[in-house]
Structure formats: structure tokens, C-alpha cells
Amino acid sequence: MLFDTHAHMDDRAFDEDRAELLSSLPGQGLALVLNPGCSLASSRNVDKLTKEYDYIYGAVGSHPDVADEVDEAVLEEYRVLCKQNPKIKAIGEIGLDYHYEDIPRDIQQKAFRLQMQLAKELDMPVIVHERDAHEDGLRIIDEFPEVKGVFHCYSGSLEMAKELVKRGWYIGFTGVLTFKNARKAVEVAANIPLDRLVLETDCPYMSPEPFRGKRNDPGKLYRMAEKLAEIRGLTVEEIHTITTENGKRLYRI
Ligand code: NI
């Protein structure tokens, strides 16, 4: 059984067939799905989804793309959602994205710090989105040594992954692992301790081969497990067990 540790089932891409898809996933080998929030509006929808489906857990937070929405009122709503709903297991996704940089870096950093502080206060793990901001990302998490979590859709170097593992963090791998040009992700997945790896679809984005370019969903996570089994020289069943246990430990489920 698999655990999709990062799936955006609240995304608009699923508006047409969400209920149908979500009812079918347990039959497709999915034991658990964690749906992160991307914004305040998205986090409210995640809260609802976790109440409708037993196997769906959630996180609340504002993505760096909407870092400018983060203020005291938003943080207070996240605090309340975390306290009232025991199926909200993390703060995320939060972090830094210097690739598109729609929002100025100083505003992204401020929102990241405020949400790391909230995770510290609530003693919860975090889901970090970090793209082209490796140095600042590491610097900010080092300001909060009590807070651990996952760097999702990992795009950094093996060196940085080792730094994260040393600090007690997890590394999340998406369908990128199955791409022909995925040398870097494969190198990281081959060389970090097995108990620090989690699998995710990041759906509706990042479809694995042979579905690249199509809408992704948790039913395609088995492709990442197959690829990881090949990389680590283990059976697919072993990878299912190990990565599901890792995800449960990460999110304290
Ligand atoms: Ni995401």
C-alpha cells in the first residue's frame, strides 16, 4: 500500500471528477494521501476534504506564490484549523521560490519565517517548497532547529540532501524521478538513507513517465515506487512498506 505524501486534490484540475477519483483511490492501492494547502482558501478546502475521506490527511499554509497574503489573521485561522482538526498534520506548503519570483524575496522570506514560527509554536512538521533558493532555504530552517519536515519535490544537490538528513529532515520525490534526464534526482534517491525518503505525486502536476504532460493523480504513484525499487535494488513491495512508514513517521500518523 502506498502513501502519497503530497497531492493537491483540492486543485481546480479535479473539479469535474474529484468525488469519483477520491472514491476510487483506496481500490488502487493508496493507503493514505496528504493534501497540503497552497493558500488560505486552499487550506479551508483541505480541511473539508479530510473530513469527507478517512484516508485523506491535510496541511495548512501559504505557498511562496501567495506569500503576500500571510498576516496575523491568516496565521490565526491556520492555528485554529490545526487545533480543531486532528487530521491536519503539518504546516505547508511553505517556503521560497526564486524561479518565478512573482513575489519579492523579502516578502517570501517573511511569510516563510512566520509559518515556521507557527509550526514551532504548535509542534508540527512542515512541508517546504524550495526552488532556486537553496542557500536561503537552509539558512531559514536553521533559525528553527526544533522544526523538522520534508523538502518536497526535491530539486537540490546530493550535498544539500545530506545536510537536510543530518538535521532530521525528509526528502520528497515526484514523477521527476522517472524522467529520462533526471540524473540529479536519481543520484539523491540512490544515496540518502532509506528511512528519509518519501514519495509524492504533487498532482495535478509532475506526471511520471509514461503519463508525462497529462494530469497527474495519486493513482500514478506506483510508477515512482517502481523506479525507486530499481534505483535501490529492492522489491516494489519493500519500497511500498518503507516509504509508507516514512510518511507516517514524518506526519505523525
Ligand atoms: Ni505542491
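Biologist: In this predicted model, is Y251 buried or exposed?
Modeller: The cut-off for a buried residue is a relative accessible area under 20%. Y251 has a relative accessible area of 1%, so in this predicted model the residue counts as buried.

Biologist: How many residues apart in sequence are the parts that the pair of F3 and Y251 ties together?
Modeller: F3, itself buried with a relative accessible area of 1%, lies in strand β1 (residues 2-4). Y251 belongs to helix α9 (residues 236-251), so the parts tied together are separated in sequence by 248 residues.

Biologist: What kind of pair do the rings of F151 and W169 form?
Modeller: F151 is buried at a relative accessible area of 1%, and W169 also counts as buried, at 2% relative accessibility. Their ring centres are 5.5 Å apart with the planes at 75°, so the pair is edge-to-face.

Biologist: Which residue stands opposite F151 of β6?
Modeller: Strand β6 (residues 149-151) pairs with β5 in the parallel sense over 3 bridges. In strand β5 (residues 126-131), 5 of the 6 residues are buried, so the strand is largely enclosed by the rest of the structure. The residue opposite F151 is V128.

Key. Residues numbered from 1 in each chain as written. Predicted model: local features only at pLDDT ≥ 70, side-chain atom pairs only at ≥ 80, totals over all residues. Heavy atoms only, no water. Buried < 20%, exposed > 50% of the residue type's maximum accessible area, 1.4 Å probe, protein only. Helix = DSSP H or I, 4+ residues; strand = E, 2+ residues; numbered from the N terminus. Pairing = 2+ DSSP bridges. Phe/Tyr/Trp six-rings, centres within 6.5 Å; stacked < 30°, edge-to-face > 60°.
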